[in-house]
Structure formats: structure tokens, C-alpha cells
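Here is a short briefing on a protein model. Look at the sequence and the fold, then work through the points below.

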Amino acid sequence: MDKIFNLQQLINGIQLGSIYALIAIGYTLVYGIIRLVNFAHGDFYMLGAYAAYFTINFMLAQRQNPYIIFILLVSMLAGALVAFLSNRIAYRKLRYKPRLSALITAIGVSMFLEYFTSAIPAIGPSYRPFPQFISMVNYNIGTAYFTNYQIINVSISIVLMLILTYIIKYTRLGMAMRASAQDKDALRLMGIDLEKIIDITFIVGGALAGAAGLLSGLTYPRILPYMGIVPGLKAFIAAVLGGIGNIGGAVAGAFILGISEVFGYSINSIIGEGIAYAILILVLIFLPQGLFGKRTGEKV
Amino acid sequence: MKKVVVLVLLVVALLSTTLTGCKTSSEPQTIKVGGIGPVTGEASTFGVSTKNGYEMMIEEWNAKGGVLGKKIELVFADDKGDPTEGATAAQKLINEDKVVAIAGTVMSKVSLAIAPICQSANIPMVSPTSTNPKVTQVGDYIFRACFIDPFQGTVGAIFAYNDLNAKKAGVLFDNSNDYTKGLAEFFRDKFTALGGEIVAFEGHPAGTTDFTPFLTNILKGKPDVIYCSDYYNDDGLMAKQARQLGYTGPFLGGDGWDSPDLVKIGGDAVNGSYFTNHFSKDDQRPEVQEFVKKYTEKYGQPPDALAALGYDAMGLILQAIQNAGSTDGAKIRDALKNIDYHGVSGQIKFDAERNPVKSAVIIEIENGQQVYVTTVNP
């Protein structure tokens with residue numbers, strides 16, 4: 001009984017971890033290349049959710065069927081666009097300034113996106129119910145239950161992560177990204193435009209965060225301009241846990257965090273989150289580089 | 001000659017300033033009453049309904065000529081559902097706007113932040129919907145228009161045990177919120193006292209969107225009913241996630257469920273659930289039906305309990321000012337203590353703790369609609 005029970009909590013944890021993972025990748029990508037902790041990353045996720053919200057509502061009003069792939073592209077595009085713009089407008093000028101200035105700017109961009117969004121009348125500072133455009137189907141293995149939402153979430157996350165791995169490992173662009181993480185001067189000597197690579201990194205990271213926004217809206221159907229703060233912080237923690245700068249590490253860290261959070265709650269609901277972070281502290285005491293942080297050569 | 005002209009001009013100037021000065025320092029032409037509510041933030045539909053209730057009551061009094069021969073002016077402030085914002089709003093209303101009394105606010109945790117400010121300024125405060133017992137214990141200037149958590153949690157437990165025939169119940173609440181925690185505890189105590197079993201008593205942190213770990217713990221005990229004492233936007237998510245985990249039974253909640261957004265977030269998952277409330281628009285008393293009709297004409301949708309209690313809270317204040325014959329804080333307070341008010345949410349009289357003694361209604365959600373089930377008397 002208890003074993004099957006743990007299976008249910010494991011499914012819950014994987015579901016939560018898959019959303020953290022998509023956000024954590026963006027954190028780690030950007031950090032790997034320009035050593036910037038982009039605190040605004042959680043807000044790209046929020047904007048992805050709002051882009052999906054408006055597109056779905058618009059399509060439903062037009063009596064069209066909102067296909068999830070199309071909505072996913074819209075969310076990713078929104079996340080990518082905002083990520084690209086925030087890099088161009090805010091971060092680019094600080095590239096060779098002290099790193100702390102860029103960090104503070106990232107916090108500023110984050111707050112700007114949250115408060116600006118909540119000031120737009122069409123969005124506002126209150127919760128919005130996210131439209132349920134896919135009807136839910138329940139499945140069960142023994143006494144453990146899951147739904148088509150969880151299948152959609154986890155499979156979209158995995159597909160996106162596979163595509164990203166392919167790009168980074170097997171394309172010239174990916175090679176340039178890896179190279180820029182290792183040695184920027186050598187990269188320039190090879191005639192590669194570093195700024196272009198950084199733009200692309202932000203676009204990729206933003207797109208993944210936007211996708212996570214849609215998935216989160218689907219599973220937890222209420223959205224808010226401040227919804228990115230907590231998942232953003234947790235994804236950052238996941239990236240650090242996995243060894244910041246390492247994509248595989250970020251994904252692993254996200255699943256570890258999601259699952260340990262859920263198990264923490266199942267042990268005791270009041271101190272659950274504390275248990276999850278006690279694990280984090282222990283890992284960082286014994287492995288200050290994070291779980292996979294030692295292979296510095298692979299950093300992207 | 002020139003000197004005389006200057007002198008005359010000076011005298012005229014002096015007189016005119018003193019005269020106009022007299023005019024501005026004379027009694028204000030309106031009576032300012034404060035209103036506080038969360039029109040933005042996590043409980044925004046509560047705030048909007050409450051504000052509508054305040055406004056409607058004031059308009060009705062003004063149409064009859066106001067109170068003590070003066071028009072009433074509502075000075076409204078948004079607390080955003082946040083205790084700090086609420087405290088700032090109350091200080092602004094008292095110190096800058098010089099209101100004579102405050103109707104507010106909706107959420108217990110925010111009212112608990114506002115009440116000490118009103119108490120120390122000797123400004124009577126009537127909370128429309130803060131059901132946590134601690135609110136009026138702050139001091140003798142603090143009143144409320146609604147019943148309190150022990151009653152609501154107790155009624156919920158009696159209804160679950162007797163009417164739903166539930167023997168096992170799970171409880172899920174927000175651990176950081178006095179209202180939902182209070183309700184959950186009183187439900188637990190009464191349900192156990194009746195002979196029922198609480199299979200799990202789970203508190204989640206504020207801002208949670210994934211309730212599956214808590215619900216999984218609750219469902220392990222195979223409950224007949226799940227008591228969710230949160231506000232509607234959390235309750236909707238909880239119900240949905242519980243259904244995803246295979247739960248098919250009913251949910252039961254408190255007045256925090258009362259919002260049109262509940263069904264938008266929870267969808268089909270909330271059908272067949274029950275909650276205790278202060279007011280039902282299907283109540284056939286003529287004053288309720290008249291209120292429902294006027295409210296619907298003015299705001300384009302029928303009133304919920306928040307609107308009814310906002311309306312009654314403001315009504316209590318205005319009636320008390322009228323009875324006191326003064327805008328002095330202490331006199332309004334004394335008038336409130338002795339009031340016997342006929343409100344749309346029931347007959348209101350205060351007990352020694354300044355809590356009204358009144359009835360509760362049980363509402364069921366059927367196909368996304370609220371259906372009146374029964375009225376429970378104290």
C-alpha cells in the first residue's frame with residue numbers, strides 16, 4: 001500500500017519537476033555563457049502563460065480549435081521575444097561592467113516585468129482563470145492516478161529538452177555556444193559574433209520558459225503577474241543544485257527538487273518545504289559545485 | 001487720502017481672509033465614512049462585491065437625505081489582501097481623510113492588522129466578512145457583520161456528519177492564514193466530537209499551486225468528504241487536483257468558496273460540493289429579494305454574500321451614527337453595541353464579544369450554479 005502510495009507522490013514530483021526543469025535550463029544556459037543570474041527568467045515564464053491565455057481565449061471566441069502545438073509556439077515566441085528584448089535593452093550595455101551591476105539590473109528587469117504587467121488593464125494584478133481547452137482524461141495504475149495533462153507536460157518537456165540537447169551537441173550553433181562558454185576571446189578570434197550567440201541563448205532560454213508557462217497554466221489553471229517569482233527561484237535553486245552552467249545538471253536538479261519537495265510534504269505538510277531545502281543545503285555543503293558541476297569543460 | 005484708501009483696502013483684505021477662513025474652518029458638509037476591501041490581489045472578486053455593497057448602502061441613505069442632515073461620502077481604500085497594505089490604508093483613512101468610522105475589511109488576516117489601528121484611534125470598525133474570532137477581541141471599537149469561524153466550522157462538521165453521512169474526513173487549509181486555519185480547526189474539533197474520524201489534517205504554505213502531495217496524503221485515508229477551508233482560487237485548484245488523483249466524493253468549505261471564479265478555475269471538479277455561507281440570493285425574505293433586484297439592476301450580476309455583508313456592515317455604521325446623533329467615535333460605538341439591525345443577511349444584534357448572533361445557509365454547487373440547500377440556526 002505504502003509503496004504504491006509513494007508511486008503517486010513520485011508522479012506528483014515528476015510533474016512539478018518537469019516545469020522547474022524547463023525554467024532551470026534557461027537559467028543555466030544564460031549563466032553558462034555570460035555568468036549572469038537572470039532573475040527575470042521566472043517572468044518570461046509568466047509572460048508565456050499570459051500569451052497562451054490570450055491566444056486561447058481569442059481562438060475560442062472565434063470558434064476555432066486551439067491546437068496545443070500552435071499555442072505552445074505562441075508561448076515560446078512570447079518568452080523568446082521578451083528574453084531577447086531584455087537582453088538587448090538591459091543587459092547588453094552592462095556586459096563588461098562589474099557583474100553585480102548586471103545582477104541588480106536582472107532584479108530590476110524582473111520587477112519591471114511583474115509590475116508593468118499587472119498595471120496593464122487587460123491583465124491586472126488579480127488571478128485569472130486559465131481556459132481549459134483540453135478536456136481532462138484520468139488514468140490509473142493500481143491506486144496511483146495520472147491524467148493526460150501530466151502526459152502532455154512531461155512529454156513536451158522531454159521533447160524540448162531533446163531538441164535542445166541536439167542543437168547544443170550536434171550543430172555549429174551549439175558548438176559556438178559551447179565555445180563561448182569556454183573561451184570568449186578565442187571565439188572572437190575565430191570570427192564568431194559573440195553578441196549573436198548571446199542573443200540566441202536568451203531566445204532559447206526564453207522560449208523554454210514560455211513553454212513552461214503554458215504547461216503550468218494548463219495544470220494549475222490560474223495565472224497571476226507574480227506567478228513567476230517562486231517557480232523562478234526554485235528553478236534557480238535547481239540549476240545550482242545540478243551545478244550551474246550544466247544543462248543535464250539543471251534538469252536533474254529540477255527533478256530532484258520537485259520530487260524531494262513533494263516527498264517532504266508527504267512526510268509532514270507543515271515542514272515539507274524545509275525538508276526539501278535541507279537536502280539542498282546538505283548537497284551544497286558536500287558538493288559546493290553542485291551535483292554535476294565538476295565537468296567544467298561541458299559548460300554551456 | 002491715499003493712506004485712507006490703503007487702510008480701507010487693508011481692512012477689506014483682512015476681513016475677507018478672516019471671513020473665508022471662518023468658512024473653511026466650519027463644520028464639514030459631508031460625513032466621511034471609510035471603506036476598505038481587497039479589490040485587487042488574491043481575493044479580488046470579494047473586494048469588488050464588498051465595495052459595491054458599501055456604495056449601494058450609502059447611495060440609499062443619501063437618497064433619503066443622508067445621516068444627521070448631511071450627505072455621506074465613501075472614502076474607499078484597497079488593501080490588496082495584504083496586512084501591510086491594509087494597515088497603511090487604515091492609517092490613511094483615519095489620519096488624512098478623517099473618516100468617522102470604517103467598514104472593513106474582508107480577510108481576517110488583514111482585519112487583524114487594521115483593528116488595532118482603529119482601536120487606538122477610537123474609530124469604530126465594522127468588518128463585513130472577517131470570521132476569525134480574534135478580530136473583535138482586539139478591542140471594544142471592533143465589530144463585525146458576519147458570524148464567526150467556530151460557528152461556520154461547526155456547522156460544516158454537523159452538516160458533513162449528519163446530512164452527508166460522512167464518517168471520515170480529510171482537511172486541507174492554508175497554514176499561514178488565520179481564517180482558513182481557524183475554520184479547519186473548528187471543523188476538526190466538532191467532527192471528532194460527533195464521532196467522525198479525521199484521516200489527515202494538512203496545512204499547505206501560502207502561494208502553493210501544486211496541492212497534489214497534500215491531497216495524496218489525505219486520499220490515503222479514503223475520506224468520505226474533504227474539507228477545504230481556503231479561498232475560492234485555491235479551492236478550485238484543490239478540487240481539480242483531487243479529481244485528478246481519483247477522488248470522487250464531495251468537497252465542503254466555508255464562505256471563502258463564494259465566488260464566480262470558483263467554477264472557472266475548478267470546472268466540473270467542484271460540482272456536488274457544499275459550502276457554508278452568510279447569505280443566499282434564493283432566500284425568499286422580501287428584503288433579500290428587493291436587495292437582489294436592485295443590486296442586479298445596478299451591477300449587472302446578482303449579489304453574492306460579500307456584497308450582502310458589505311451592504312449590511314455599512315448599514316450598521318450609518319444606522320449607528322443616526323442612533324448616536326453624533327459622529328463621535330465613542331458614541332457611535334455605544335450605539336453599535338445596542339443596535340438591533342434588520343439586515344439582508346439576517347437580524348443583527350451583538351453579543352458581549354461584539355459578534356452578531358445570526359443564521360448560516362448551506363449552498364451546493366450543481367452544474368456550476370449555486371443552489372440554496374438549507375438554513376442553519378445557531
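Helices and strands here are DSSP runs, numbered from the N terminus, with helices at least four residues long and strands at least two. With that naming, B:Thr105 is found in the loop between β3 and α4 (108-120) of chain B. The model is a predicted one.

**The five-stranded sheet of chain B**

- Five strands of chain B make an open sheet in the order β2-β1-β3-β4-β5, and their pairing is parallel.
- β2 (71-78) and β5 (142-144) of chain B are at the edges; each has a single partner strand, so one side of each has no neighbour in the sheet.
- Eight bridges link β1 (residues 30-37) of chain B to β2(B), in the parallel sense.
- Within this sheet, B:Gly35 is opposite B:Phe76 of β2(B).
- Helix α2 (residues 44-63) of chain B packs on the sheet. Helix α2 touches β1, β2 and β3 (102-103) of chain B. The direction of the helix makes about 170 degrees with that of β2(B).

**The seven-stranded sheet of chain B**

- Another open sheet has seven strands, in the order β7-β6-β8-β9-β10-β13-β14 (chain B). Its pairing is mixed.
- Which strands are at the edges? They are β7 and β14 (369-376) of chain B, and each pairs on one side only.
- On average, neighbouring strands of this sheet are turned by 20 degrees against each other, direction ignored.
- β6(B) and β8 (residues 225-228) of chain B run parallel, joined by four bridges.
- B:Ala169 has B:Val225 of β8(B) opposite.
- Helix α9(B) lies across β6, β7, β8 and β9 (251-253) of chain B. α9(B) runs at about 165 degrees to β9(B).

As background, strands of a sheet pair through backbone hydrogen bonds, either parallel or antiparallel.

- β11 (residues 340-343) and β12 (residues 346-349) of chain B pair in the antiparallel sense, over four bridges.
- B:Tyr341 has B:Ile348 in β12(B) as its bridge partner.

**Two backbone details**

- What kind of peptide bond joins B:Gly104 and B:Thr105? The bond is cis, with omega at about -15 degrees.
- B:Asn165 is a residue other than glycine with a positive phi, near 55 degrees. B:Asn165 lies in the loop between α6 (149-163) and β6 (168-174) of chain B.

**Where chain B meets chain A**

- In chain B, 31 residues are in contact with 29 residues of chain A.
- How much area do the two chains bury between them? The value is about 2,600 Å², with 60% of it on carbon and sulfur atoms.
- Between the two chains, 11 residue pairs are in polar contact, counting pairs with both residues at pLDDT 80 or more.
- On the side of chain B that touches chain A, at least two residues each come from β7 (197-204), α8 (212-220), α9 (232-244) and α10 (261-266) of chain B.
- α9(B) gives the largest share of that side, seven residues.
- The residues of that side of chain B divide into eight nonpolar, 14 polar and nine charged.

**Salt bridges**

- Side chains of opposite charge can pair when their charged atoms come close.
- How many salt bridges are found over all chains? The search of the whole structure finds 18.
- Across the interface of chain B and chain A, the rule finds one salt bridge. The side chains of A:Arg222 and B:Asp234 meet in a salt bridge, at 2.4 Å from N to O.
- Within chain A, the side chains of A:Glu261 and A:Lys234 meet in a salt bridge at 3.3 Å, N to O. This pair links distant parts of the chain, 27 residues apart. A:Glu261 is in helix α10 (residues 247-267) of chain A, and A:Lys234 is in helix α9 (residues 229-242) of chain A.

Conventions:
Residues numbered from 1 in each chain as written. Chains lettered and ligands numbered in written order. Predicted model: local features only at pLDDT ≥ 70, side-chain atom pairs only at ≥ 80, totals over all residues. Heavy atoms only, no water. Pairing = 2+ DSSP bridges. Contact = heavy atoms within 4.5 Å. Axes fitted to C-alpha atoms, helices over the stretch in contact; angles between N-to-C directions. Buried area = accessible area lost by both parts, 1.4 Å probe. Salt bridge = Lys/Arg side-chain N within 4 Å of Asp/Glu carboxyl O. Polar contact = N/O pair within 3.5 Å; in protein donor to acceptor, adjacent residues only side chain to side chain. Nonpolar A, V, L, I, M, F, W, Y, C, P; charged D, E, K, R; others polar.
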